[in-house]
Amino acid sequence: MLNIGCHLSVSKGYEEMGKEALKIGANTFQFFTRNPRGSKAKEIDPNDVEALLKLAKENKFATILAHAPYTINPCSADEKTRKFSIEVIADDLNRMEYLPNSFYNFHPGSHVKQGVEVGIIYIINTLNTILKPEQTTTVLLETMSGKGTEVGKTFEELKQILDGVILSEKMGVCLDTCHVYDAGYDIVNDLDGVIAEFDRIIGLDKLLAIHLNDSKNPFESHKDRHEKIGEGFIGKEAVIRIINHPKLRHLPFYLETPIELEGHAEEIALLREAYKD
Ligand code: FE
Ligand code: FE
Ligand code: ZN
């Protein structure tokens, strides 16, 4: 079975996200742990989360994915910004334990002026400060498009980060199809080659989730603008090859395409139809 969902808003609560997912034919979803542009997290209602867990279990949901807010930058040159990132991620991970065994995805950040090598050290320090042996959450680094000074635009950079993390068993990678295409990995014409490269550099055992998006921009554009499935430069055929690829087909896929719920329902129906059981 294809494990697929989309990004949902946490504002109406946890159980409501589960219900919304079911309504659009999804069996998982992604949500922001807090307002993506703000910093304050909403108080968690344990009964609400409990209800979601029950619903997810009954409906055999794949792993639920939480996304860190965009306001953090763990590799900023500014110490205050780095400290703030550590506080936000640590607080998120504490609250994630209400949803045991989930994924938590974050953008490695932008190194701005001090260079990628220094940026990577800051990210490693962040993770080594925050991760705890007893946590059940797996933290995912997202592959980035290389917009501006983003860290994580190559598999090598992600591997360097992973190699520095002491509790490496708590870490994985979320591959964003729009981002890797914009970064210069040709998943349209050479999907096998890209997967082989990921395996050689990082190891496929670390690939735990896929953000499934088309791209508004051509190959290697370093832009990061998501497009609806089949309406961008990646195209429907390539997306269908991705969800069916023998090395990827078991993974959970999360849509982050720029449409409302109804549109996501159509995308999910199309992809389920195209998935070869
Ligand atoms: Fe993201
Ligand atoms: Fe993404
Ligand atoms: Zn993006």
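This is a predicted model: local features need pLDDT of at least 70, side-chain atom pairs count only at pLDDT 80 or more; totals for chains, interfaces and linings use all residues.
Local features need pLDDT of at least 70 and side-chain atom pairs count only at pLDDT 80 or more, while totals for chains, interfaces and linings use all residues. Residues are numbered from 1 along each chain as its sequence is written, chains are lettered from A and ligands numbered from 1 in the order in which they are written, and side-chain values use heavy atoms, with hydrogens and water left out.

User: Which residue bridges the iron ion (ligand 2) and the iron ion (ligand 1)?
Analyst: The two iron ions lie 3.3 Å apart. The residue that bridges them is Glu142.

User: How many residues apart in sequence are the parts that Glu142 and His211 tie together?
Analyst: Strands (E, at least two residues) are DSSP runs, numbered from the N terminus. Glu142 lies in strand E5 (residues 138-142) and His211 in strand E7 (residues 207-212), so the parts that this pair ties together are separated in sequence by 69 residues.

User: Is His211 buried or exposed?
Analyst: Buried means under 20% relative accessible area, exposed over 50%, and partly exposed in between (1.4 Å probe, protein chains only). Glu142, at 1% relative accessibility, counts as buried. His211 has a relative accessible area of 0%, and it is therefore buried.

Terms used
Donors are N, O and S atoms within 2.8 Å of the metal (3.2 Å for Na, K and Ca); water is not among the atoms, so sites may look incomplete. Helices (H or I, at least four residues) and strands (E, at least two) are DSSP runs, numbered from the N terminus.
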